[in-house]
Structures are given as C-alpha cells and as structure tokens.
Amino acid sequence: MALLNITSPHTHAPLSTSQVMRLVIYATFPGVLTLAYFFGVGIFINLFIASLSCLAFEALVIKLRERSVVFYLGDYSALVTAFLLAISLPPYCPWWLVVTGSFCAIVLAKQLYGGMGLNPFNPAMVAYVILLISFPVPMTQWPTPANVDASQVLGITDAFSKIFLGKQIDGYSSATALDIMKQNSSLVLSELYQNKPILSKGAFASAGWEWVNIMFLLGGIFLLYKKIFTWHAPVSMLVALALMAGFFYDSGSSESGGSPVFHLLTGATMFGAFFIVTDPVTSAVSNKGRIIYGAAIGILVYIIRVWGKGYPDGVAFAVLFLNFAAPFIDYYTTPRTYGHTKSRSALDKEP
Amino acid sequence: MNSLVKTNTLIKLWELPGGIHPPENKQQSMQLPLTQLSIPAQLFIPLNQHIGAPALPIVQVGEQVLKGQVIGLAEGTFSANVHASSSGIVSSIGPGILPHPSGMKGDVIVIDTDGKDKWTALEACENYLILDRLTLIAKIRAAGIAGLGGAGFPTAVKLSTKSTQLIDTLIVNGAECEPYITADDMLMQVHADEVIAGTYLLSHILHNPQRLIIGIENNKPKAITALQIAAKKYSEKKPENKTPIEIISIPTKYPSGGAKQLIHILTGREVPNGHHSADIGAICLNVATVATAWRAVRFGEPLISRITTVVGEALSIQRNISVLLGTPVDYVLAQQGFDKTKASRVIIGGPMMGFTLPDLRAPVVKITNCILAAAKKELPIPPPAQACIRCGICAEACPVSLLPQQLFWYAQAEDTERLQSHHIFDCIECGACSYVCPSKIPLVQYYRAAKGSIRSQVAEKEKADRSRQRFEFRKERIAKEDAEKEAKREARKKAAEEAKQLLTSKKTEMHSAIAIESQPPTPPEAILVTAAIAKANQVESTPAEQRIKLERLLNTARNSLQSARAPLVPKNPVFPITAEQLVQQQSRIKQAELKVAEAERKLAGFDAEIKNTPPSP
C-alpha cells in the first residue's frame with residue numbers, strides 16, 4: 001500500500017469545473033431552441049462555427065504555451081465561450097465574423113491574460129464589442145421573428161449561401177424592438193405598440209424575443225437550482241433594470257424609455273443576467289459585491305439602451321464596464337470574519 | 001421530573017454561516033456494539049499526547065509498572081500526566097514514532113505488557129460535593145485528561161477559569177460533525193449516565209453555570225434518547241441538582257462540532273478575536289472528555305483508554321473499539337482484518353480534518369478518535385487541480401466568513417500582509433472550501449503553508465529585531481568606552497604637556513641663571529635636550545639604589561654562570577650527552593662569564609664615579 005501523504009480534506013464534493021461548464025451549456029439549450037424556433041437555423045450554424053473555431057484557437061494557444069491540450073480543453077470553458085458568443089451574434093452573420101469573434105474571445109480576451117480564471121473581461125463580451133465596433137452593419141442585422149413575418153425566415157440553402165458565400169438577401173432582417181423604442185420620439189407607447197408589428201405581436205414585450213428571454217430565464221433558474229451561481233448578481237441586475245424602467249416609464253409618453261416588463265424581456269436581458277453577469281471569473285467575489293456588481297450593470301444597461309446615442313442594447317458594454325470595476329468592488333465588500341467586530345476593506349494592510 | 005429534560009422545540013438556535021453536507025458515512029461503524037481490544041505485547045506511550053509541554057518520564061527502564069500508574073509527570077501547568085495503560089515492564093524510553101502527519105519522532109515510553117493487566121491502587125470518591133473545586137481540578141489533572149475531541153487541550157487548564165471569567169454556560173460537545181467518526185455517538189449511547197454525571201460534576205467545578213447544554217447533531221437520535229433517559233434517571237436519583245441539562249439536537253452540518261461554531265449555534269455568541277470562549281462565559285468540552293473526567297473523580301481512573309472508531313472499506317470489520325492508549329495502529333488494524341492491497345491510505349481522524357498516517361506503527365493516543373483505513377474507491381487520490389474560476393462556492397462554504405479564493409491568490413503571491421488582513425489566522429482549517437472547490441484546488445494546504453511561513457517569518461523577524469537591538473547596544477557600549485578612553489588619553493596628554501611646560505620653565509630658569517648674559521637665547525632643540533636630561537635625572541634613583549641594582553645584576557649573572565657550569569644530566573638515560581650539547585654548554589658558559597665581567601666592570605665604574613662626585617647637597 002502506498003501511504004501517500006495527502007492532506008485534509010480527503011473527500012471532495014462531486015461537482016467539478018468541467019461539470020459546471022457543461023451544465024452552463026445545457027442551460028442555454030431552451031434559449032437556443034427558442035431562437036431557432038423564431039429565427040431559423042442561423043443560430044445552429046453560429047454555434048457550430050463558434051465551437052469549432054473557439055476549440056481550435058484554444059488548442060492552438062495551449063499548444064504554443066506547451067501545456068496539455070487534453071487537460072485544458074477538458075474543462076469545457078472554451079466551449080462555453082463559444083456558446084455565449086454564438087448566441088450574442090446575429091443569426092446569419094457571415095462566417096468570418098464568428099471566426100474573428102472566436103479569435104478575439106479566446107486568444108485576445110482569455111489566453112493572453114493567462115487562460116482560464118485569469119481573464120479580467122468576459123471573453124464573449126470582449127469579442128462582441130470588438131465586432132460591433134468594427135463591423136457595425138452585419139452586427140446589427142437581426143432577422144425578423146417568425147411570428148411577425150414567417151415568410152422572411154431563411155431556409156437552409158439561403159442561410160448557407162448568406163453565411164458562407166456572402167449572398168445578399170433583402171428584407172430578412174428588420175428593426176428590433178429596442179431599435180424602435182430608441183428611435184421613437186413622437187408616438188406615445190400605446191400608439192407605438194399598435195403601429196409596430198414586432199411590438200403588437202408580442203404577448204408581453206416584443207414578438208419572439210420575449211420567449212427567448214423567458215427561456216434563458218428558465219435556463220438560469222436551472223443553474224440556480226443546481227447551485228452553479230448565487231442569485232445575488234442576476235437578481236440585483238434585473239431588479240435594478242426594472243426599477244430604472246419603472247422610474248423613467250413616464251406613464252407611457254413619447255419620452256418613455258419603455259416599461260419594466262419590456263426591458264426585462266427584450267434584447268439580451270435574461271441571457272445577460274444569467275449567462276454573462278454570472279460569469280464568476282470576471283465578476284465580484286462576495287455576495288454583497290455581487291449585488292452591487294449586478295445592480296450597476298442593470299442601471300448601465302438602462303442608461304445605454306435609453307439615453308445612449310449609438311447602441312440599442314447595452315448589456316455587453318455594461319458588463320465590460322463593471323468587469324473593470326469588479327476588483328474595486330471586492331476591495332470594499334469583504335465580509336465580516338467570525339470574531340471580528342467589523343469587516344475591513346481589503347486595502348487595509350494592517351493585520 | 002420531565003422538566004429536567006428540555007426538548008428542542010422551544011430553544012432558539014443560531015445558524016452556522018457556510019458549512020457543508022458531506023456524505024456522513026456513519027452507519028458502517030455503528031452496526032456492531034462497542035468492544036474492547038486485547039492487550040498488545042508492547043505499548044508505546046508518547047510523553048506528549050496533548051497540547052503543551054511533554055510530560056517528564058518518572059520511571060526507569062526495567063521498572064515494573066502497574067496499570068494506571070503515572071509514568072510521565074506533567075511539566076508545568078500546560079501539560080498532562082501520562083499513565084501506563086496496562087501492567088508490565090518498561091523496556092525503553094526514547095524517541096519513537098508518533099501519530100503525526102510529518103512522521104516526526106518524540107519521546108515514547110515502551111512497556112512490555114505482562115498480560116495481567118494489574119491495576120495500581122485507585123482513589124475513589126463517593127461524593128464529590130464534599131470536595132472543594134481545586135481538589136477536583138487536581139484530580140482531573142492527575143488523571144492526565146486532555147480534550148478527547150481531537151485538540152488535546154489539558155482539561156484542568158480549561159476548567160481553571162480566571163476570576164474575571166464568569167461562566168454562565170457549560171456546553172458539552174456531542175456534535176461529532178466529521179463524517180465516519182462515531183466514537184462520541186457510541187460513548188453517548190453506552191455511557192450516557194457517565195456523560196450526565198460528568199456534566200453535573202463540571203457544573204459544580206464551574207460554580208454552577210445557569211445553562212448546561214449537551215449539543216448533538218440530529219443525525220444521532222439514539223444518542224439523544226439515551227442521554228434523555230440518563231438525565232431523567234439521574235434527576236430522579238439526585239433531585240438536588242436543580243439546573244436541568246438541555247439536550248439540544250442541532251442541524252447536521254459540517255463543521256458545527258468546532259467549539260466556537262457550536263457555541264455560536266447554541267448561544268449566538270461569538271468568541272472575539274484573540275479571546276477564549278471562557279471570556280464570553282462559555283466553556284465547551286467534548287462528551288468523551290466529560291465522561292472521562294467523571295470516571296477520574298468517581299473511581300480515580302486515569303485516562304488510559306479511549307473509544308476509537310475503526311472504519312474504512314479496507315477493513316473487514318468496522319466498529320468502535322475501546323483501545324488502550326499506546327496500542328500501535330497496525331495492531332488495531334490487524335485485529336479488524338485490514339487489507340493492505342485495498343487501502344489507499346490510513347487516516348487518523350476524519351476525512352475532513354484528519355491526516356494521512358505516514359507510519360502504521362504509530363500508537364493510538366488521547367486524541368485518536370478515528371482510524372480511517374480508506375479503500376482506493378472510497379477516498380480516491382484527488383485529481384490535479386484546475387484553474388480557479390472564482391466561482392465563490394468556497395466563500396459560501398466558509399464557516400468563519402473568510403474569502404478563501406482571495407486567500408488562495410495571496411497565498412500563491414506570498415503576500416503575507418494581505419493574507420493577514422484577510423484574517424488567514426482565523427481559518428480553522430475545516431476543509432469546507434477545499435471540499436466544495438469544483439477545480440479541486442487544495443486550498444487548506446495553501447493556507448497551512450502560508451500560515452507556517454508567516455509564523456516562521458514572524459519568528460525570524462523577532463530574532464532579527466533582538467539581534468539588531470543587541471548590536472545597537474553593543475555599538476553604544478563600545479562608543480561609550482572609546483569616549484572614556486579618549487577622555488583619559490586627553491587628560492594624560494594634557495597633564496604631560498603641563499609637566500613638560502613646568503619642567504621647561506624650570507630648566508630655562510636654571511640655564512638662564514648660569515648663562516652668560518651675552519649668550520644668545522637657547523635654541524628650542526637645546527631646550528628639549530635639557531628637558532630630556534632633566535627627565536632622565538628625575539627618573540634616576542639615588543646612588544645607593546643604583547648600586548643595589550648593579551649588585552643584583554652581578555648576582556644574576558653569577559648565578560646563571562653557575563648553572564651553566566653545572567654538569568649536564570641526560571634527560572633520557574639511554575642517550576648519552578652529545579658533543580653538540582657540550583659545545584652549546586661551553587658557549588653558554590662563555591656568555592655568562594662575559595655578563596659577569598660586564599656587571600663587575602659596571603659596578604666598579606659606578607663606585608669610582610661615586611668617589612669622584614661630591615656628595616649632593
């Protein structure tokens with residue numbers, strides 16, 4: 001018998017990092033399927049290209065860094081990044097956009113900082129923002145949901161020729177609910193809802209997207225149930241966003257930024273709240289810190305959506321801003337340790 | 001009388017922050033009743049089985065000892081007696097294997113048992129209430145009792161509270177939150193009456209605290225029932241004990257059995273940083289310690305055996321055993337059908353806080369509550385650690401609200417300042433963070449290493465500070481001495497200057513008196529020469545003394561001539577005087593003769609001079 005000198009504890013919980021990552025991937029499935037239901041096969045092609053390219057870039061860098069490729073690919077973190085990126089990108093965007101995004105996410109945002117666990121910014125969001133700024137046109141062409149105009153949903157042939165051959169297809173895309181809300185300055189909300197089919201055909205917020213959001217919410221609840229993350233960051237983000245929307249609803253005037261329900265169920269809100277804000281690597285660490293972190297993201301999302309000049313949605317920017325602030329939040333939110341009268345800031349160097 | 005047994009329903013409990021629920025694995029060792037292990041051929045009794053100074057051996061090799069006889073005497077207050085666990089002959093005293101993670105050696109008394117198991121005379125006590133508290137503490141101290149829960153803190157020290165510490169709550173710790181271990185569960189079931197009696201004994205020693213609580217995790221319903229029945233019986237038999245014992249079942253959650261954690265759960269009080277639990281009026285003792293203290297007072301029995309859980313898939317029999325202290329672990333395991341090929345490792349203590357035993361020949365000691373012979377499947381070798389994904393599950397699990405991942409970063413960076421500002425020394429090393437870590441990072445191992453290096457840094461700094469202080473003192477002292485020397489030198493120099501000046505002025509006076517007026521003033525060299533002559537004259541003694549000196553010189557020269565002329569005696573009779581030696585002697589004689597002649601000449605010259613000079617005025 002080998003008397004190995006293994007130190008305590010000798011037993012470990014079954015949950016492993018690879019499992020955490022796999023569960024996150026599974027949790028995106030309801031949202032992904034809903035996206036496919038409303039927008040066609042584009043999302044699957046996005047996922048396919050992103051997964052392949054992300055894994056390839058990850059393997060390449062790990063090889064260059066002379067580490068074990070099998071061991072590091074086995075943590076599934078590259079695959080998670082691929083999923084998050086693919087879901088963020090508009091379906092039917094050109095293939096090179098996805099590959100460029102994968103390069104930015106894996107090589108620039110993750111591996112150059114030292115790999116898993118060491119990246120200060122969310123890789124998928126870094127890639128998304130780089131693409132959005134560099135290639136604004138393909139990045140803002142969101143397809144029309146099937147329940148608004150089913151005839152505009154692309155078939156497989158059209159999808160492949162659009163993605164891989166760059167074929168121009170007219171009229172498959174249309175303004176999103178957030179675009180419409182942002183550009184509106186003349187109509188009161190009730191009129192706006194009547195005029196725009198993407199709003200009028202929705203049950204609560206906007207056609208198609210409301211169900212996508214609800215499905216990502218379900219995925220998030222599954223992860224909460226599995227204790228993959230705590231409720232603090234996503235709930236505080238959603239509450240902050242809803243409160244902001246409530247404060248500035250302006251009883252539905254033409255100046256209104258949209259109702260709380262509208263903001264909660266359009267754009268990337270739920271996906272952001274449960275799949276981006278909860279990224280443990282780039283968020284604050286303590287529960288108190290995560291409440292602040294989430295709330296700040298919620299507020300920023302509203303500010304960028306409603307008062308910002310350029311972009312209709314603001315989840316990616318808000319998350320990146322707060323990624324910057326996360327270490328700062330950590331400094332001021334250390335918990336009170338047993339037997340100590342008060343919590344101290346982490347800047348305090350006195351023992 | 002039922003009022004003396006409080007049930008749980010009305011009692012407020014506080015929640016332990018964090019904590020985990022590892023698989024309990026307690027049923028394996030509770031299938032069979034408690035048993036006694038046979039006496040091994042040799043007992044290896046370490047002199048240090050507790051926290052504090054090792055006991056001093058008071059027996060000699062070859063001495064016959066009886067069961068329960070003191071063989072090691074507590075050294076100082078913070079120590080505990082060590083007793084012979086069985087009768088036999090002391091066969092050696094010296095370094096032996098200890099049950100320690102490092103495989104460290106320490107002084108061990110080895111007893112070759114005679115199998116008679118003959119007791120020494122014990123002093124029983126029917127009624128402890130007639131004894132004063134100090135006597136009772138002395139009895140507990142004499143019995144060598146140290147915390148049996150795993151810490152090994154000398155119980156007598158814990159019970160000797162300061163006058164400023166008013167103890168209002170006595171907590172008997174039967175939580176036993178570690179997986180696998182059931183030693184206390186078994187004890188509470190089998191010796192419930194002793195636990196109850198012991199609780200009242202300690203209550204008496206601690207000036208009857210208002211609350212007597214036995215805290216037990218709710219996964220031990222049999223123990224709870226046994227204690228409730230025992231408490232009821234006790235109160236029927238001795239109704240004079242007015243304070244009821246509260247037998248409180250607490251939610252099963254690791255690590256609620258830590259003393260500080262249990263005090264918090266039961267009373268809501270936290271021990272302030274840098275204080276003891278007695279400072280907040282609570283004393284917490286393990287159930288086994290309490291029962292042993294009772295036996296020590298009632299029957300005079302010292303601590304020579306304990307209940308140990310012997311468990312693990314590598315054994316064919318898993319159960320609780322009453323083991324004599326000093327019994328080698330391999331002996332215990334062999335009796336339970338230990339299969340070496342199955343075992344991944346043998347752990348002393350539980351899977352959360354126990355340590356891998358490097359050498360199975362180590363003995364069972366006072367704090368050995370469990371021997372876990374785990375099979376490879378049961379406790380597999382942990383996989384390589386993956387990167388920290390900062391998930392924060394560790395912070396959720398920490399029972400003292402630390403930030404384990406921050407500590408991990410700082411430990412890697414060896415940032416000792418930040419480690420301390422993040423309270424690394426409040427870490428109780430319960431292992432909850434490592435347990436939940438999805439990346440399987442051995443966090444506690446990092447903290448242990450960091451604590452060790454901080455401790456040694458502090459010690460080194462202290463040493464450096466002390467030597468710097470010494471160095472500074474030395475420098476100061478030398479500077480002072482130098483200054484003193486310098487001052488003396490200055491004073492001498494000044495005195496010499498003054499003397500010279502005085503002399504010079506005298507000489508000048510003399511010279512000017514005899515000098516012709518037309519003569520030019522004496523040049524400075526001349527003055528110096530005259531000063532030197534004057535000095536020489538001054539040093540010169542009287543003529544009589546000078547003559548004596550010269551005579552002495554002559555005598556010495558004559559004596560040496562005589563000894564030079566003496567015949568040579570060979571040092572070694574075998575070797576005759578050589579020609580060379582004779583030549584040397586001749587030259588010595590010649591030199592001596594010359595010296596004598598010179599001395600005679602000097603004396604004659606002196607005498608002649610005396611005659612020529614006129615007598616001094």
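Reader: How many salt bridges does a search of the whole structure find over all chains?

Author: The search finds 23 salt bridges over all chains. A salt bridge is a side-chain nitrogen of Lys or Arg within 4 Å of a carboxyl oxygen of Asp or Glu. This is a predicted model: local features need pLDDT of at least 70, side-chain atom pairs count only at pLDDT 80 or more, while totals for chains, interfaces and linings use all residues. Residues are numbered from 1 along each chain as its sequence is written, chains are lettered from A and ligands numbered from 1 in the order in which they are written, and side-chain values use heavy atoms, leaving out hydrogens and water.

Reader: What makes Asp117(B) and Lys67(B) a salt bridge?

Author: Their closest N and O atoms are 2.9 Å apart. The rule asks for within 4 Å, so the pair qualifies. Asp117(B) lies in the loop between β9 and α1 of chain B and Lys67(B) in the loop between β5 and β6, so the pair ties together parts 50 residues apart in sequence. Strands (E, at least two residues) and helices (H or I, at least four) are DSSP runs, numbered from the N terminus.

Reader: Why is Lys67(B) called buried?

Author: Its relative accessible area is 9%. Buried means under 20%, exposed over 50%, partly exposed in between (1.4 Å probe, protein chains only). So Lys67(B) is buried. Asp117(B), at 24%, is therefore partly exposed.

Reader: How do you know that Arg547(B) and Asp607(B) meet in a salt bridge?

Author: The N to O distance is 2.4 Å, so the pair passes the cut-off. Arg547(B) lies in helix α15 and Asp607(B) in helix α16 of chain B, so parts 60 residues apart in sequence are tied together.

Reader: What makes α7(B) mostly covered?

Author: Eleven of its twelve residues are buried. Trp294(B) and Arg298(B) are among them.

Reader: Which side chains form the salt bridge between chain B and chain A?

Author: Those of Arg336(A) and Glu270(B), at 2.8 Å, N to O.

Reader: How many residues of chain B are in contact with chain A?

Author: 64 residues of chain B are in contact with 50 of chain A. Contact means heavy atoms within 4.5 Å.
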